[in-house]
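Biologist: Please show me the chain, and then let me ask where the labels come from.

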Amino acid sequence: MARQADLFAPGVAEAPALAGDPGDELRQRFAAYGLAALDEGDVLALVLARCLRPGADVVAAADALLARFGGIGRVLGASEADLARVIGALAAQQLGLLHALLLRALEYPLRQRPALTSTDAVRTYLRARLAASPREAFHVLFLDRRNQLLADERLGSGTIDHAPVYPREVVRRALELSASALVLAHNHPSGDPTPSPADVEMTKQVVAAARALKIVVHDHMIVGAAQVTSLRALGLM
């Protein structure tokens, strides 16, 4: 079990109460003008006010997170271990829970209606799920006969530019879940979602293995820093 002192990042744990605490100014601005008066760093600071030790400089902590990870999406999607190096284990755990809740909210519509009729929802979900990962991760969205989401599972993870994928494992898991269709997805930590020749070849192998068992592969989406690329839209599958 972590000691109490280990739960807070150095500097955050020992921060004295501030005169004219900038966190108080943010709370007052939010109360007076609402969310529109705050930028993403301000909102993150207000969230951290509920996670960090009383008296901690939440504005400085929010700035440190954004500087380290490069945006609110990457902050929320970062691993708890990486977050803990900046703000301590306790606050990192709370942000991890917030990200999990966000994913549940984005996943919900995919379970309630055909995924293929809500492509924007699929892209938004995949960006929240994968864009912040520092290493390649290969996911499969398993769909039922109505193209509603059965499960989203990580079936491969690897290095900064490669995640091993085994077509037979993808198909085996589809059969276990009684899935009728699949959407493949992985991220490019470089931020560039352009498919590589290896991405295209792997997609063809999964499509061929799935077709033999009458399972449809609808698409393979590659998540970059700012956008999601569809291999089907590019005519590559």
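Modeller: The secondary structure of the protein chain amounts to nine helices and five strands. From the N terminus on, the elements run α-α-α-α-α-α-α-β-β-α-β-α-β-β. This is a predicted model, in which local features need pLDDT of at least 70, side-chain atom pairs count only at pLDDT 80 or more, and totals for chains, interfaces and linings use all residues. Residues are numbered from 1 along each chain as its sequence is written, and side-chain values use heavy atoms, with hydrogens and water left out.

Biologist: What makes a stretch a helix or a strand?

Modeller: Both are DSSP runs, numbered from the N terminus: a helix is H or I over at least four residues, and a strand is E over at least two. Helix H3, for example, covers residues 58-69, and helix H5 covers residues 80-87.

Biologist: Why is H3 called oblique to H5?

Modeller: The two helices pack at an angle of about 135°, with their axes 10 Å apart. That angle makes H3 oblique to H5. The classes are: under 35 degrees roughly parallel, over 145 roughly antiparallel, 65 to 115 roughly perpendicular, and the rest oblique. Axes are lines fitted to C-alpha atoms, for helices over the stretch in contact, and angles run from 0 to 180 degrees between N-to-C directions.

Biologist: Which residues of H3 and H5 meet?

Modeller: Ala61, Ala64, Leu65, Arg68 and Phe69 in H3 meet Asp82, Leu83, Val86 and Ile87 in H5. Contact means heavy atoms within 4.5 Å.

Biologist: Is the crossing of H3 and H5 left-handed or right-handed?

Modeller: H3 passes H5 in a right-handed crossing. A crossing is left-handed if the near helix is turned anticlockwise from the far one by less than a right angle, and right-handed if clockwise.

Biologist: What makes H5 oblique to H6?

Modeller: The axes of H5 and helix H6 (residues 89-112) come within 7 Å and cross at roughly 135°. H5 is therefore oblique to H6. On the H5 side the contact is made by Glu80, Leu83, Ala84 and Ile87, and on the H6 side by Ala89, Ala91, Ala92, Gln93, Leu95 and Gly96. The crossing of H5 and H6 is right-handed.

Biologist: Why does Ala78 count as buried?

Modeller: Ala78 has 12% relative accessibility, so the residue counts as buried. Buried means under 20% relative accessible area, exposed over 50%, and partly exposed in between (1.4 Å probe, protein chains only). Ala78 sits in the loop between helix H4 (72-77) and H5. Leaving aside neighbours within four places in sequence, Ala78 is in contact with Phe69, Leu83 and Ala132.

Biologist: Why is His99 called buried?

Modeller: The relative accessible area of His99 is 12%, so the label is buried. His99 lies in helix H6. Setting aside neighbours within four places in sequence, His99 is in contact with Leu76, Gly77 and Ala128. The C-alpha atoms of Ala78 and His99 are separated by 9.1 Å, and the two residues are 21 residues apart along the chain.

Biologist: What makes E2 and E5 edge strands?

Modeller: Five strands form an open sheet in the order E2-E1-E3-E4-E5, with mixed pairing. E2 and strand E5 (228-230) each pair on one side only. The twist averages 20° from one strand to the next.

Biologist: How many bridges join E4 to E5?

Modeller: Three bridges join strand E4 (residues 216-223) to E5, and the two run antiparallel. Val223 has Val228 in E5 as bridge partner. Helix H7 (residues 119-130) lies across E1, E2, strand E3 (181-187), E4 and E5, at about 50° to E4.

Conventions. Two strands pair if DSSP finds at least two bridges between them.
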